[in-house]
Amino acid sequence: MKIQKSAEDYLEAILILQERSGRARSVEVAAELGFSKASVSVAMKKLRENGYIQMDENGLLRLTDAGRAIAQRIYARHKLLTAFFVQLGVPEGIAAADACKIEHDLSEESYQALLDHVQKNLDSAPGTHNA
């Protein structure tokens, strides 16, 4: 399913916050992404209406299965790209920023090829025991 880059960023931020602290609220998403609370509020409403998140009476956000699938796909791409760039010698902050730009537009074919390449090189790296 193709959704806008900004929606993917919001879903990814919710996932990251939930993994980091066990919860996510709109105000925390705003802080994580550096956006205004008003902008995040509008985005959360759209994500709820489209079935990607739910919000409880305490303001806690929960990813639906559809929202979680998108967030996990984008976050996996982000982590792989960041690690790959760092391995190439790019400073971590720059690597993460570049990964964020690329993660949304990278084709599934290129992502799979990169993933296969990284896994192959990890498996054959000195000191690994995957013989």
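Helices (H or I, at least four residues) and strands (E, at least two) are DSSP runs, numbered from the N terminus. A helix axis is a line fitted to C-alpha atoms over the stretch in contact, and angles run from 0 to 180 degrees between N-to-C directions.

Let us begin with the whole protein. You are looking at a predicted model, where local features need pLDDT of at least 70 and side-chain atom pairs count only at pLDDT 80 or more, while totals for chains, interfaces and linings use all residues. Residues are numbered from 1 along each chain as its sequence is written, and side-chain values use heavy atoms, with hydrogens and water left out.

The protein has six helices and two strands, and along the sequence they follow the pattern α-α-α-β-β-α-α-α. Its C-alpha atoms fill a box of roughly 50 × 30 × 25 Å, taken along the principal axes. Of the 131 residues, 36% are buried, where buried means under 20% relative accessible area, exposed means over 50%, and partly exposed lies in between (1.4 Å probe, protein chains only).

Now find helix H1, residues 5-21. Its 17 residues reach 24 Å from the first C-alpha to the last, close to the 24 Å expected at 1.5 Å a residue; that expected span is 1.5 Å times one less than the number of residues. Twelve of the 17 residues in H1 are buried, so this helix is largely enclosed by the rest of the structure. Among them are Ala7, Tyr10, Leu11 and Ile14. The cover over the buried residues of H1 includes H2, helix H3 (37-49), strand S1 (53-55), strand S2 (61-63), helix H4 (65-87) and helix H5 (92-102). Just after H1, glycine 22 takes a positive phi of about 85°.

Next comes H2, residues 26-33. The axes of H1 and H2 come within 10 Å and cross at roughly 105°. The two helices are therefore roughly perpendicular to each other, a label for angles of 65 to 115 degrees. Where they are in contact (heavy atoms within 4.5 Å), residues of H1 including Asp9, Ala13, Leu17 and Arg20 meet Glu28, Val29, Glu32 and Leu33 in H2. By class, this contact has seven nonpolar, no polar and four charged residues. Here Ala, Val, Leu, Ile, Met, Phe, Trp, Tyr, Cys and Pro count as nonpolar, Asp, Glu, Lys and Arg as charged, and the others, Gly among them, as polar.

Finally, look at alanine 31, which also sits in helix H2. Is alanine 31 buried or exposed? At 63% relative accessibility, alanine 31 counts as exposed.

Conventions: Angles under 35 degrees count as roughly parallel, over 145 as roughly antiparallel, 65 to 115 as roughly perpendicular and the rest as oblique.
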